[in-house]
Structure formats: structure tokens, C-alpha cells
Amino acid sequence: MTLVLAQATTDALPDNVGYVAAAYLVFFALVLVYVVIMASKLARFERELAELNDLADERRGGLAGAREREPEEAGTR
Amino acid sequence: MLYGTRLRALSIATLITMTAAFGLAFFYAPMDADQGFMQKIFYVHVPMAMVALGGFVFGGIMAIQHLRTGDPKHDLRSYVAIHLSLILGVGVLVTGAIWAKASWGHWWVWDEPTLVSFLIVFLLYATYQPMRFSIEDRERQARYASVFAIVAGAFVPLNFLAVRLAQAYTHPRVFATADGGLPAKMQLAFLVSLAGMALLYVTLWRYEMASKHTSAQLRALRRKLSGDDAVTPVGRTAAPSLPTT
């Protein structure tokens, strides 16, 4: 009786727990790898957007400079 | 179409469903009398296989749309669907091999029709991307890839049929057998797992589509700001390219 009770309350993991854990880990690893790839793509987009933002600022600065020069050039004529 | 719309809600729904599914699988569904604890692999392996095969069929349907309309967005949808299904397919083969080792003592059993037919489907689709890459002309590439996706997509249901028609019973029969199928608690855990896996697939599909669209829009923006010379040509690639004008 004592033996039966000891078995019923044992903390031992069921058989084949390693295989079950491995199968679920494979699934989570696949999802994780995918998320990492998506994160690297997101970082690339962020870099490209920053570049384009700088480019737009440069062009706006160039346009504003050209507008400022226009009246001066007209006055000298 | 903006693929990023409602992506946050979809991601949260996926997370909740997947957590519920695995919770039900481990704490609610009873232990299988024959296989014991290792039967828990069923709740990740089978939904993943069904969603992967469903994704291949979805890729075929999108390919039909592409051939009907000529719209490159359908080719991209088909490509992303097949790409994701291939990733899930890798998961199916690996988790299946682990289950086989735990159940039969072998990583792979060649005389089991279910396993071999899934491997054939997987290898068939593994040629999809190299085939795309081998065709330089983008329009031809899209057309040929669509034809491939339709033919291969029609072949996929045979995999489901093979499971039913198989006479050998070496593959674990834990779903809808002649004895009356799964017990109600196991069935609930399985259905929630299937819903979670389907949601995960849709979420990742939308993430990938949003990523491809953003990439195309960035190229268009660069072209507008700096002219055609500033945009480096895409070069030969397996991935479809969207018009960036």
C-alpha cells in the first residue's frame, strides 16, 4: 500500500518526455527563426527609410536655397 | 490592400489560441492509453501538417487567380503561401521523425504511405523556388510558377487520401479511426490546436506580404526621390517583384 501511494505521488516525469519536448522545441525554434528574419528585414526597412528621409531633407534644402537665390538674381538683372 | 492592417489583433489572437491549444493538450486532454505521453506530439505535428498542405492548396488557388487576371499580386500571394508551407513542412518532417523514433524506434519508416507521400509533396514543392530562380524573364517566371503551383496543388489532396486508403497501420491512428475517432476532450484540444496553427499561418503570411509590399514601396519612393539610376536593379531572384511605380 505504501509503495502504491509513493508511485501515485511521484514527481517523476512521464516516459518519452524528451521526445515530446524536442518536437515542441522544433516548432518554437522554427517560429523564432522566422521572427528573427522578419526583425532583420524590419531593421533594413528602418535604415532605408532614414536614408530616404535624409535625401528628402537634402532636396528640400536645395529647393529652398534655389528659391532664395531667384529674387537676388532677378534684382541684379 | 494594406497587409499590415489588423496585424496586431491577428497576432494577439494567434498567441491566445496557441497558448490555449497547448494548455488544453497538456492539461485537459487525457493521456492516450496506447501511446501515453508521447501522443502529445500529435497536437503540434498533425495541425502543422494539415495547415502546410492547406497552404499549398491556397498557393494553387492564388496561382489560378494569377493566370486568370495576370495581376502580379496573386503570384506574390501564391509564392508567399508556398514559401510558408515549405517552412511548416520542415517542421512536420522533423516532428514526425521524432514521433516515429519515440513510437517505433526508427526515425523514418519507408513502407509507411503517409510519411512517404508527405515527403514526396514536400520534395515536389522544394523544387518550386529553384525553378523560379532558373527563369530570368520575370513574366515567364510568374506564369510557369503559377502552372507549377496549380498542378502541384491538385496533387496535395492525394496525400490526405493516402492516409485514409493506407492499409498499413504502422502510422499512429489517433484521429477519426473506425473505432469512433478521438475522445471529446482530445478532439477539442486538437481543434483548438488546428485553429491556432491556421491563425499562425495567416499571421505569418500577412507579415511576409506586408514586408514585400513595404520593400516595393521603398523602392518606388527611392525612384521618385533620386530617379531610376539610384535604384539598383533587383537582379535574378526567385521572389516575385511587384510593380514599383
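Biologist: Let me begin with one residue: is Ala23(A) buried or exposed?

Modeller: Please keep in mind that this is a predicted model. Ala23(A) has 25 other C-beta atoms within 10 Å. A residue with 20 or more such atoms counts as buried, so Ala23(A) is buried.

Biologist: Which residues does Ala23(A) touch, not counting residues up to four places away in sequence?

Modeller: Here we leave out residues up to four places away in sequence from Ala23(A). The residues that Ala23(A) then touches are Ile41(B), Val44(B), His45(B), Thr95(B), Ile98(B) and Trp99(B).

Biologist: How many residues of chain B are in contact with chain A, and how do they divide by class?

Modeller: On the side of chain A, 22 residues take part, and they meet 26 residues of chain B. Helices H2 (42–69), H3 and H8 (184–226) of chain B each supply at least two residues of the side that touches chain A. By class, that side of chain B divides into 16 nonpolar, seven polar and three charged residues.

Biologist: Which residues touch the most other members of the largest nonpolar core?

Modeller: This core has 62 residues. The residues that touch the most other members are Ala23(A), Ile41(B), Met48(B), Ala52(B) and Ala189(B).

Biologist: Let us look at Ala189(B): is it buried or exposed?

Modeller: Ala189(B) is found in helix H8 of chain B. Leaving aside neighbours within four places in sequence, Ala189(B) is in contact with Ala21(B), Leu24(B), Ala25(B), Tyr28(B), Ala29(B) and Tyr43(B). With 26 other C-beta atoms within 10 Å, Ala189(B) is buried.

Biologist: How far apart in space are Ala189(B) and Gly23(B)?

Modeller: In sequence, Ala189(B) and Gly23(B) are 166 residues apart. In space, C-alpha to C-alpha, the separation is 8.5 Å.

Biologist: What pattern does chain B follow along the sequence?

Modeller: Chain B has eight helices and zero strands. Of its 245 residues, 36% are buried. Read along the sequence, the pattern is α-α-α-α-α-α-α-α.

Biologist: How many helices are there in chain A?

Modeller: Chain A has 77 residues, and buried residues make up 9% of them. There are zero strands in chain A, and the number of helices is two.

Biologist: How far apart are the end C-alpha atoms of H2(B)?

Modeller: H2(B) has 28 residues, and at 1.5 Å a residue they should span 40 Å. Just after H2(B), Gly70(B) takes a positive phi of about 75 degrees.

Biologist: At what angle do helix H3 and helix H4 of chain B pack?

Modeller: H3 covers residues 72–104 and H4 covers residues 113–126 of chain B, and their axes are 10 Å apart. H3(B) passes H4(B) in a left-handed crossing. Among the residues making the contact are Gly89(B) and Gly96(B) of H3(B) and Phe118(B) and Phe122(B) of H4(B). The packing angle is about 145 degrees.

Biologist: How many nonpolar, polar and charged residues does the contact of H3(B) with H4(B) have?

Modeller: The contact includes Ile82(B) and Ser85(B) from H3(B), and Leu115(B) and Tyr125(B) from H4(B). By class, the contact has ten nonpolar, three polar and no charged residues.

Biologist: Finally, is Val109(B) buried, exposed or partly exposed?

Modeller: Val109(B) lies in the loop between H3 and H4 of chain B. Its C-alpha atom is separated by 9.0 Å from that of Ala97(B), twelve residues apart along the chain. Because 17 other C-beta atoms lie within 10 Å, Val109(B) is partly exposed.

Conventions
Residues numbered from 1 in each chain as written. Chains lettered and ligands numbered in written order. Predicted model: local features only at pLDDT ≥ 70, side-chain atom pairs only at ≥ 80, totals over all residues. Axes fitted to C-alpha atoms, helices over the stretch in contact; angles between N-to-C directions. Helix = DSSP H or I, 4+ residues; strand = E, 2+ residues; numbered from the N terminus. Left-handed = near helix turned anticlockwise from the far one by under 90°. Contact = placed C-beta atoms within 7 Å. Nonpolar A, V, L, I, M, F, W, Y, C, P; charged D, E, K, R; others polar. Buried ≥ 20, exposed ≤ 12 C-beta atoms within 10 Å, placed from the backbone. Core = buried A, V, L, I, M, F, W, Y, C linked by C-beta atoms within 7 Å. Expected span 1.5 Å × (residues − 1).
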